[in-house]
Structures are given as C-alpha cells and as structure tokens.
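Colleague: I'd like to learn how to read a model like this one. Could you walk me through it, feature by feature?

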Amino acid sequence: MTASKQKLVSMMTYMRPAYSTIEQLFCEKYLLPIFGEPDDHGNYTKVIGDRPNVAFTAHTDTVHKMQGIQKLSITNDIVTTMTGSCLGADCTTGIWLMLGMIEAGVEGVYVAHAAEEIGGIGSSNLVKDYPAWLIEIDAVISFDRFDTCSIITHQGGMRTASDAFAKSLADALEMPQLKPDSYGTYTDSMEYSGIVPECTNISVGYYDQHTSKESQDLKYAEMLLERLIQADWSALVFSRNPTVVEYTEDPVWRYSESGEDDLEVSKIWKLLLDRPSEVADLLYSYGFTMDDMCDEMNLDLVDRSFYTDVSTY
C-alpha cells in the first residue's frame, strides 16, 4: 500500500462527531500544522496563490454517534469498518484530498468546515462573515459525494451549479465518467450558492455513507487526487447566475437515494425550501412543537439538542 493510501486509512480510524474531543485531536494532528488556527466557528482555511477563484471544501466531523478510534478492514483496496458503526469516509476522504492538493501546491482556497453533519454550522456562519477571499470565488467544489460518477448540479432540488460548469470540470479532470447529477441533497457548498456562481460536490469513491456498510475505494481516491493535482483549473466554465433561483423539474429528485417515490411529499419539500418560515408558522398554528416533531422522527439526543437548543438560533 502506498504511503498516500495508508495516510487516508489512518485518518479514517478517527470517529469524530462534531465538537468531540477526538475531532479536536484529528484537527490538531492533520489540519493545524497546515492551515493554522481555525476561525471562531471551527473552520480551517488555507489560501494558496494570488487571489484564487476556486474554493475546495470538506468537513472535519463525521456522522458517528460515539467518538473513538476504530479498527478497519482492507480487501482489494476497499476499506470498511469493523466496529458496526459507519466508516466516516464522509468526509475524511475530502479532507485527505485537500491535504494532497495543498502539498502539491494547487492554487485555491481550501476550507475544512466544522459541523456539517449537524446542520452546516461552520459553512453557514463563514458565509455570513463573508471573508475577503470569498469576493474572488467563482466556484466552490466540495469533496463529499458518494460513488465515482457524479458532479452535482442541484442540492435540495435547487440548482447550485450549471451543466456547462459540470462538464468543464469533468473535462479539466479528464474524467469522462463524471456526469452532471441533479440529485444532490446537501453539503457545505450549498451555503455559498446564493453568492458564488458554481457550487458543486463531486464523487470521491465512498459508498453507503452513514451506515455500517460504508466503504471507501482507495484506488479511485488516489486516482482522483492525481487528476485534481494535474487539472487545468483555468479551463472551468462559469455560467450560473447565483441571484437566480432555479428548481429541478424532476418530481422524484428527493428520493433517488432512498428509493421512495411520492410526488406529494416532493411538492411539500419544494415548498419547505421556498417558504420555510411560513411552513414553520403553519405547523405551529396546528399545535406542533419541535419536541413533537423530534419524537415523531425518532431523533436521538445529539440531533434533538441541535434543534431544541435556543443558543443555536
């Protein structure tokens, strides 16, 4: 196994829920020496080059419920966990890709966001702060998508990147298997979509994320890193207007990953995206409280505390 692959495997042993001690140890080992101190929201940022116009992002937390160090299994370059929890390749592989690109000197703004798995807390606050480097950014590329074939054009049913950009990115990487994909759900790049023209998420080679079956294809990850280092980033096409809100016409976009197919629920989801405050007021007027909905959704204490703690508002 190459040293590069071994580093990724070692990084995936850290089970690191947001704000956990293990996450802090992970960041101190892998990020602090390269990025320096995080901002007030826990985001680590590194700028390479003079006024770069592309930002690369991943997140420091994993969806694990318990923190700790896990044992992994590797067979034919496929990594899985032996703990019965998830692997956490989401988003460890993204962090690893950024570290490799930084080491190679690829120009760009690199951001390791905090607390993506519990609501995009780090990225949403960073965008509100509007750091100086953000003025120059034409594209935000997250490394947080499953499989080996996607360049996301829509998140939550809303367009966040143009098809022209997605195709130009695949061409720049010389990876024709990467296709425009309108079935994205959410990652940190979506938080930038109201001010940055092209906000996407690309496949990094993990599968079955957030489950005990999660796996990472090491061969694909290493190949992707090579292409990211060699890419001609000046060839990207920026054509989306971030001030124009566009939703997908596909009524079942919401269910591509779960297998469900309910048009009415898809319509409700679109309404939630478009008018969240009015929907919240309507639910409250019918007697629903946040505790009621957390109960109905069987949220555990960690997830419930995020939505019911008034200090997060």
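Colleague: Is Ala115 buried or exposed, and what is its relative accessible area?

Modeller: Buried means under 20% relative accessible area, exposed means over 50%, and partly exposed is in between, using a 1.4 Å probe and protein chains only. Ala115 has a relative accessible area of 1%, so it counts as buried. Ala115 sits in the loop between strand 7 (108-113) and helix 5 (121-129). Helices (H or I, at least four residues) and strands (E, at least two) are DSSP runs, numbered from the N terminus. Before we go on, keep in mind that this is a predicted model: local features need pLDDT of at least 70, side-chain atom pairs count only at pLDDT 80 or more, and totals for chains, interfaces and linings use all residues. Residues are numbered from 1 along each chain as its sequence is written, and side-chain values use heavy atoms, with hydrogens and water left out.

Colleague: What is the phi of Ala115?

Modeller: Most residues other than glycine have a negative phi, and most peptide bonds are trans. Ala115 has a positive phi, near 55°. Asp77 also has a positive phi, near 70°. Asp77 is in the loop between strand 5 and strand 6, and at 22% relative accessible area it is partly exposed.

Colleague: And which peptide bond is cis?

Modeller: Look at the bond from Asp90 to Cys91, which is cis with omega near 10°. Cys91 belongs to helix 4.

Colleague: Which side chain meets Arg145 in a salt bridge?

Modeller: That's Asp181, at 3.1 Å from N to O. Arg145 is in strand 8 (residues 139-146) and Asp181 in strand 12 (residues 179-181), so this bridge ties together parts that are 36 residues apart in sequence. Both Arg145 and Asp181 are buried. Another bridge joins Glu246 and Arg159, at 3.2 Å from N to O. Glu246 lies in the loop between helix 7 (218-230) and helix 8 (263-274) and Arg159 in strand 11 (residues 158-159), so here the tied parts are 87 residues apart in sequence. Glu246 is partly exposed at 37%, while Arg159 is buried at 15%.

Colleague: How do I read helix packing?

Modeller: Two packed helices are described by the angle between their axes and the distance between the axes. The axes are lines fitted to C-alpha atoms, for helices over the stretch in contact, and angles run from 0 to 180 degrees between N-to-C directions. Helix 1 and helix 4 (residues 89-103) pack at about 140°, with axes 9 Å apart. That makes helix 1 oblique to helix 4; angles under 35 degrees count as roughly parallel, over 145 as roughly antiparallel, 65 to 115 as roughly perpendicular and the rest as oblique.

Colleague: At what angle do helix 4 and helix 7 pack?

Modeller: The angle is about 40°, and the axes are 10 Å apart. Helix 4 and helix 7 are therefore oblique to each other. Met101 is in helix 4 and is buried, with a relative accessible area of 0%. The C-alpha atoms of Met101 and Glu226 are 8.8 Å apart, though the two residues are 125 residues apart along the chain.

Colleague: Where is Ser212?

Modeller: Ser212 is in the loop between strand 13 (198-207) and strand 14 (215-217), and is partly exposed at 44%. Its C-alpha atom is 8.4 Å from that of Thr80, which is 132 residues away along the chain.

Conventions: A salt bridge is a side-chain nitrogen of Lys or Arg within 4 Å of a carboxyl oxygen of Asp or Glu.
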